[in-house]
Each structure stands twice: as C-alpha cells, then as structure tokens.
Amino acid sequence: MLSPDRTTRIIQLIITGAFIALAGQLFNLQILQREKYAVQSEKNRSRRLRLEPPRGIIYDRSGTPLVENRPSYVLSVIPIEVRNNDKSLAFLAGLMQETPDEIKRRLARADNPFLPFKLRRDIDYGVLVQLEEHKLEYPGVTYEIESRRTYPAGLKSPHLFGYIGEISKSELQRRQEEDMLPGDLVGKKGFEAYYDRELRGQVGYKVVIVDAVGRMASDQTGSSEQAAKRGRDFYLALDANLQALADSLFADKRGGLVMVDTRDGGVLALCSKPDFDPEIFTGTLTNEDWQRLVNDPAKPLYDRMIQSSYPPGSTLKMVAATAALEERKANQETYFSCGGGVSFGDRVFSCWNKGGHGSLNLIDALKVSCNVYFYRLSLRLTVDEWALYASRYGLGKRTGIDLPAEEKGTLPDRAYLDHAFGKKGWTNGMMLNLGIGQGDLLVTPVQMVQYTTIIANKGRYYPLHLVHKIYDPRTQSFFRQKLAPRTVEGISDATYDIIREGMYRVVNSPGGTGHNSYLDDVVVAGKTGTAQNPHGEPHAWYVGFAPFDHPEVAICVLVENGGGGGATSGPIAGRLLRRYFDLQKKSPALAAAPKP
Amino acid sequence: MLDEIRNTRVDKVILICVLLFSLFSLLAVYSATHGSRVAAIHDNFYKQIIWVVAGLLLFFALTYVPLHIIFSLAYPLYGILLVMILGIDLVGSISGGAQRWFEVGGIKVQPSEFMKPVVVLTLARFLSPEHANPNRLKNLLIAFAIVLAPFVLVLKQPDLGTSLVYLSMVIPVLYWRGLSPFTIFVVVAPLFAFLASFNYYAFSAVILLISVVLYLSRRGKRVAWTVFVMNVFVGTLSPLVWSGLHGYQQQRILTFLGLVEDPRGVGYQIIQSMVAIGSGGIFGKGLLHGTQTQLRFLPAQHTDFIFSVLAEEWGFIGSLAVLALFFVFIMRAIKIAASSSYRFASLAAMGMATIFAFQAIVNLGMTMGIMPVTGVPLPFISYGGSAMLTNMTMAALLSNAITQRYF
C-alpha cells in the first residue's frame, strides 16, 4: 500500500458521485420525462405526407373533356442534404444539363431547406429512369408525382381556361386558411383561376414512418390516412366544335369572338387571339420566355374579349336609334338626307360612302350604316339621353361573366365628360361621334354580345356565364346554379321591332353591309362596324343573332385592324352560325340549350 | 481474499466485466447497424465480432506478459507512438484534412488510441523510483511534459476527445504518487482562470478566490505572487487561445453552454440522443425495436452514441446495468491500484482507472445531455478496432497489476 486510505477514498468518492449524477440523469430522462420524450420520438418518426387532390375536369356542353389531368414527374431534392454534396450536385447537373453552381443557386431560394424542393417539373422519361436507378446513391434526391393539365380535345384556349402555376407568395398569404404550401399549383388566369377553389379539391394526409433523412421506412404498420378529396368537375355551356372553329378562323388574326346562347346566357364559344401555350407556365418558366410574352407587341397575354376595350363603331348605332325612338326624337319614318357628309361648327363629318346615301329612313340607315343619318339623329339627342340607353344595354358595366379581371369599358356620360374635359369643356356636339360609336366610348366584346342578346330577345336576357353545371364527387351529384333572367326596362317592343328590322336588312336586303353572314336556311340579323382607332387600320366588328324570329344564338366578332366589319368579320360570324345550325340539325340534343 | 486472487493468473472481476462488455457491445452494435442501407455501416457488426475476439485473445495473451517487461517497454513504445502520431500530423497538414489513422493492409490503425495506455505506463515508470517526488518542480514539469507532448499532437489532428483522455489522468496519478493538494491547486487554478476569463465578473471572482487560498496557504510572498500573476496572465491570454480553436470546437463548447441555438448541429445530436434515451422508459422498446435507432435519428449511433441505442432499447433497467458494470469495473481498478505491491503497477492501474472513468463519465454524460460533445467513445462498447484492442490491453494490465507477484 503506497498511498494512504484517505487518498483512495477521495478518488472513490469522486467517481461514485459522478456515477450517481449519471444515474440521476438517467432516472430523470427515462422515468420522470419519459412521456415527453416518447411523444417526441413518435413525432420524429411519423411525418404527414400531403396527398394532392386531383383537380377537377372541365367538359364542354356535350361532355367532351377539354381540360384533364395527366401524371407528371417532378425532380425534387431536400436542399439541406444536397447543397453541400458535390457528388449529388454533379449528378443533378448531369441530369438537368446545368452547372452545379446554377443548381446551388436555385436551391438557395428554397423557403425551407428540410422540405422537398421542386427543382424541375415535368421531367422526361429518360431523366426519370436515371433517377429511379440512382436515387439511393444520392440521399436527398428524389422525384414526386404531380398532376398536370392536358387538353385532350386540342383546345388550349388559354384566355378561356387560363392555366395553373406555382402559387405566389402573396396568394399564399391571402389563402392561408386553405392549407396551401409553396410550390402548390393553383389557377393563375382565366377559368382555372376563377374557379380555383372548386377545381382544386381538398388536400388529404397520410401519416407515414420515416427515417432521419425523411425516407419512408419499409415497415409502414400504424400509418393512417385521410384521403384527398378531388375537385369538382365543370361542364361548360361551351361547344368544343364551335370553339375549335373559332380558334382556327383566328389562327392568323388579332381579335376574337364571343358566341352565346340567347336563351340562357351560356357561352358557346369564346376565342381571343393571339394567345400562348398555357403549359409553359406549369413547368419552370424561364425569365426569357416570360419577357418575350410580356413584350410581344401583339399582347398575347390579354384576353381581348373581356380584358380589352375598343371603340365599337357602327355596331353601336342601335343605341342612338333606341334613344331617339324612346325619347320620341324620331320615328320609323324620320327621313334624313345623306350627301356624303355634314358640317358641324367648322368641321365636316363625312359618311363612309362619299357619294352619299340620299334620303333614307331609320331602318335603311341601319341597313347601309349611314353615318350622316346618325349624325343628324344623334344631334337631336342629349348626351344624357343617349348614355341612359347605352347604360340600359349594359355598356360601361361589367357583364359579370365568370372569368377574372373583366374590364368595364368607358361610357362617356355626363359625369365622365365633366371629369375628362371639365364642366364647361364639352358640348353636346360630342353626340356626333358617340352616336356612331366613336369618340371616348370603349366597349368589350362580351358587352357587345350581351347588348346584341338584349336586342335579339327584346329586353330579356340571362347573365353571361361559362358554367352549365358542376359535378360534386363528394355528393356524386350535379349542381346547377339557377340564373334569373333580367329584363331591360324602358325600351318598348315597338322600338326593338324597328331596330331588329334594321338588323334584318343589314344581312338580308340588297345593299346591306352584313350580307357576308347570310345563311340560306336560317334568318340571321346583324350589324357591322368599322371602328376608327389610333392604331392603324380600323377594327372590324360584327354583331348578330339568329334565327331572327326565335333567337338561339348571338355573336360578336372583332378583328383588330381588320378593315371593314362587313368584309372581314361578317364572314367569320357566318361560318360560326352555319356550324351552329349544322350541328343542331345533326344532333339537336347537342346544340339544344341546356335548360336553365 | 487478495491472496486468493493472486494465486489465479487473471483477475476474475476484470474478466467478468470484460466478457459482459463484449456481449453488450455486440448486441448494441448489431442493433445500431443492422438496419443501415449503407453496406460499410452494415458490415461494422461483423468487424466488431472480429475486434472482440481479437481483443479477448490479446487480453489473455497479455496476462502472460510479466510486469517488468511492460515496465521496460514503456519508454520505447512511447517514443515509437509519438513519432507515428507526429507522422500522421504531418501527412494531415500536407493533405489539408483531419487525419487520425494510417492504413495497414486495409485496416485503419489509430496510434493515438494505443497511446492511451502507453502514456499511462510512461508516466507510471517515470514516477515509480523513490526519488521521483512530484512535489519537486523538475519532476512535475517532466511528468507534465510526458502527457502534454501527445496531448498537443493529437489535439492538432484535430481530436479533442482523445487528447483530453491523456490529460484526464495526470492529476489523479500525480495525486496518487503524493502530489500535495496545494500543488494541485497551483496547477488547476489557471484552468479556472481560463474558463472564467470570458466574463469580467466571473474572472474577478476566480482571481479573488485564488488570492484567498494563497493567503490561507501561508506559502510565502514569492510563491503567492508568482501564482497570482500567472493566473492573471492566463486569464488575459485565453481569449487569444479561444480564437485559435477550430470553429466546430468553439461551436461545441458554446452549444453545450447553451449560448447558441443550433437545431440541426451539435445540439440536434444531443436532443436526438436524449429523445432516444428518454423514450426508452423503464423497460425499453426492446432489442431492434428502438425507433430512434432503427430509423437512424441518432448521430454516430454505433460509435460515440452507442449508449443511446442501449438505453432506448433496454430502458432504465438495462441502462442502469451498463452504468453499474462500468462502476464495478472502475471501482475494481481503483481497488487494484490501492492493493498492488509495486508502485509502477499501482500508478499504472490508477492511470488506467482514471482513463476508463473519464471516458465513461464524459461519454455517458454526453449522451444524456449533461456533458459537452467531445468525441470520446464509450470504452469497450463503442464500435472501433483500435479502441477495442486498447481497452482490452488496459484491462489485461489492470489484471496483471494485481495478479503478478513478481516484478
């Protein structure tokens, strides 16, 4: 014994003390705090996986699918595991044909480095095979399946359907209560945006057991699931055949058309050109692509039918006619003489027909679209009188069609003119231009088709809408919104009869400007317009309806800078109307108005 | 009773402990590795079988080696290992990476691990002559030099854990040899001065305390002033030393002290380990049924955090058994140190007892969240060939220290 017992005892005491401390902490962790750690370990290993609901399908009126889903593969990575792993970065770089630095930079943008980050959407099959083969070698690299939109009928109509894309930060904020995550695909424009909530369905959850790197463990006992609820299917009033025809007729033009069922307000065709490929927005749109779309002088991102407003030209002459008739400033037999122009103040306002139309009444003035007649007629009207009827026809107000971002155009009433020119800055001479649909007046094509419907139905019309019925997969039942018809007050049937007669003659009488829309077997009525505008050639307009006695459809055609309305837009309207009645003859059920 | 033991060639308590350690190690390493999809980790269990068998063979073989041969081998082995560690340091500094081992025939050999018993034996040999009184400054300095040389080299690798193991046994061995408590105070005081130096008030308190002890010790003005000035010097210099530490070392210390939040770094490791241990409860989740282990939430679960595996799957009862086994083993080692007839054997036994105690306490404390993460493995249980052979060697030497009657 070299050392005294005291030394031994001190050392033993220290060791014993340390072991008592260890045992105490063990007791603390495993017995006192067991509950807390048990919960934490359970939380650790279970992870809630989101189950994306399939997006609702969009059908046309006869049940032809227009917008469907298809599976698409997404290359996604867990940034924290990949961004400092040169091997994985090199692998990804090879797959994506980018440099590792570029990938690193993109990973840095991930909001949460522990959650899968979608590096590339819609990868092709070759990339998928390589991923499947190698994903175990590169932790944190994986793929997911998501649902993408596809257009089985070949109708992409991006202005109508819109498109889906990654949810923006601001929208994420706005839709907090809806269980959204960054990277979720939502409707961005058009129909997809307007009905996004209904189309989207409800996210489901599956609780799975995962390991520390988030891989699903092989043993999945005890996992629970709450199914995703698929979105609602929409059956549109749209007819795929008419829409396709419209698309093809406008393939090389700027403009578009709207065709509606006058019996219920359902939209049969809605076409705006030029447009773009909606699928580029679902992938990862490059900045260059975006810049190209934004800066394109043809403005393919605008839906010309609802988001652009134009001077309507002569298609608006029925407003002045209505106002004059209703306000007893003129009647059917009011004659004016056209010598090719009229002086007002120190200016000469000329007719499109420099030779003059001679003496004509209201109906024939509509038929030949005589400007001089309408200058004179309009000068009998005050701006207030005219604006009242323009407003009754729905101008200057949104139609309320179920698409986002509708424009309301400009109706130059007293308030507008006072604001624009000052209270004393304008005179009733404004009516010269307004009466023939020029001046500060701006309208959208959907407003024009609604105005045409009102004339066709003599004041009774339904709100414009795309959706015919909705299928709810949860209740397995169809839902149809009851739309109440509206009636325009203050315009008598007698007035309608006169202007309808004028529109009849536009198409069916010799010398009418709209004979290009004439059909052999169905009586069409219409009105052409050739609207002066600051952007070059006049815009070519056509509005019309058919059959004359019991109207079923109304149409508005606009070709930007297309020249004469009768020459350019008339034939397009004729083709659409022809197709509509052919379809109806072949299969009356298809083209029949869905019962409102 | 001791005479009975001396008649046998192997100390039975040590032997039984070593066999139980081996069994626990194999069970734990199997559980920690069998689910891995990484082949290299999966194979570690089979390697560990080889290491355990090789270790046990080494254990029995070493019990035949007389103490005087071990005595005479101490210095040469110390020299050889020091050169090897120096060589690894140089290679490491050239290749620019952390380097702790070299490869022989595909096997990684870690000389710093083998240095553990050797530095103990070297110190024991130096202190064993009658004239090697540690209270004399020269002897004290040499004793420290013996330990500080490998300490510095291994710290530079960088391997903080292993280097601290060397350091851990200096004071106990010197104390065992008869170092006066005042000298221990003089040696240890700068450590406190260092630790307190980052806070003005703490540092002032420590310096005040040192002054009081110096005054009460009545050692004379020269000694007192020297010690005082030295501590002030250390305290003012340590912030410079701190900035010389590796970032991850600073991080570990800060995380341990709770000064930084780090959910996925060092703190994350400790949290996952505590979750594993705590969720084990009284009876544990059962072998191979620990979710933290099997789903690999535990960091380094077959090496540094092997105890968390045991604790999760075997519960409080199993964990207590492991603790008890270490306690019995270490107490036995201290008993051997106190009972050995030879100063060399006694000092060596005390050194090894300290090394085992230090490693066990630091490692277990780390897994339970009451000690910093320093990278110290759990003796006998953690996966590792060099460590297993080293521990078996030390166990054999402990046994020899009590069973061999002739030097």
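Colleague: At what angle do α6(B) and helix α18 (residues 385–403) of chain B pack?

Modeller: This is a predicted model: local features need pLDDT of at least 70, side-chain atom pairs count only at pLDDT 80 or more, and totals for chains, interfaces and linings use all residues. Residues are numbered from 1 along each chain as its sequence is written, with chains lettered from A and ligands numbered from 1 in the order in which they are written. Helices are DSSP runs (H or I, at least four residues), numbered from the N terminus, and axes are lines fitted to C-alpha atoms over the stretch in contact, with angles from 0 to 180 degrees between N-to-C directions. The axes of α6(B) and α18(B) are 8 Å apart, and the angle is about 10°.

Colleague: Is α6(B) roughly parallel or roughly antiparallel to α18(B)?

Modeller: Angles under 35 degrees count as roughly parallel, over 145 as roughly antiparallel, 65 to 115 as roughly perpendicular and the rest as oblique. The angle here is about 10°. That makes the pair roughly parallel.

Colleague: Which residues in α18(B) meet α6(B)?

Modeller: Contact means C-beta atoms, placed from the backbone, within 7 Å. By class there are five nonpolar, three polar and two charged residues (nonpolar: Ala, Val, Leu, Ile, Met, Phe, Trp, Tyr, Cys and Pro; charged: Asp, Glu, Lys and Arg; polar: the others, Gly among them). From α6(B) come E113(B), F114(B), K116(B) and P117(B). Their partners in α18(B) are S386(B), A387(B), T390(B), T393(B), M394(B) and L397(B).

Colleague: How do α6(B) and α7(B) run relative to each other?

Modeller: Helix α6 (residues 111–127) and helix α7 (residues 137–155) of chain B have axes that come within 9 Å and cross at roughly 170°. Their contact has 11 nonpolar, two polar and no charged residues. The two helices are therefore roughly antiparallel.

Colleague: Which residues touch the most other members of the largest nonpolar core?

Modeller: A nonpolar core is a set of buried Ala, Val, Leu, Ile, Met, Phe, Trp, Tyr and Cys residues joined through C-beta atoms within 7 Å. This one has 117 residues. It draws at least three from each of domain 1 (48–110 + 141–236) and domain 2 (240–295 + 309–591) of chain A, with bounds from an automatic or database domain assignment. The residues are L257(A), W386(A), I555(A) and L576(A).

Colleague: Which helix gives the most to the side of chain A that touches chain B?

Modeller: The contact takes 31 residues from chain A and 36 residues from chain B. α1 (5–32) and α2 (34–45) of chain A each supply at least two residues of chain A's side. That side divides into 17 nonpolar, 10 polar and four charged. With 15 residues, the most comes from α1(A).

Colleague: How many residues of helix α13 (residues 317–326) of chain A are buried?

Modeller: A residue is buried if 20 or more other C-beta atoms lie within 10 Å of its own, exposed if 12 or fewer, and partly exposed in between; C-beta atoms are placed from the backbone. In α13(A) the buried residues include K317(A), M318(A) and L325(A). The helix is mostly covered, and of its 10 residues the buried number is nine.

Colleague: How far apart in space are R579(A) and L242(A), C-alpha to C-alpha?

Modeller: R579(A) is found in helix α21 (residues 565–586) of chain A. R579(A) has 19 C-beta neighbours inside 10 Å, so it counts as partly exposed. Beyond four places in sequence, R579(A) touches N241(A), L242(A) and L245(A). R579(A) and L242(A) are 337 residues apart in sequence, yet in space the distance is 7.0 Å.

Notes. Contact = placed C-beta atoms within 7 Å.
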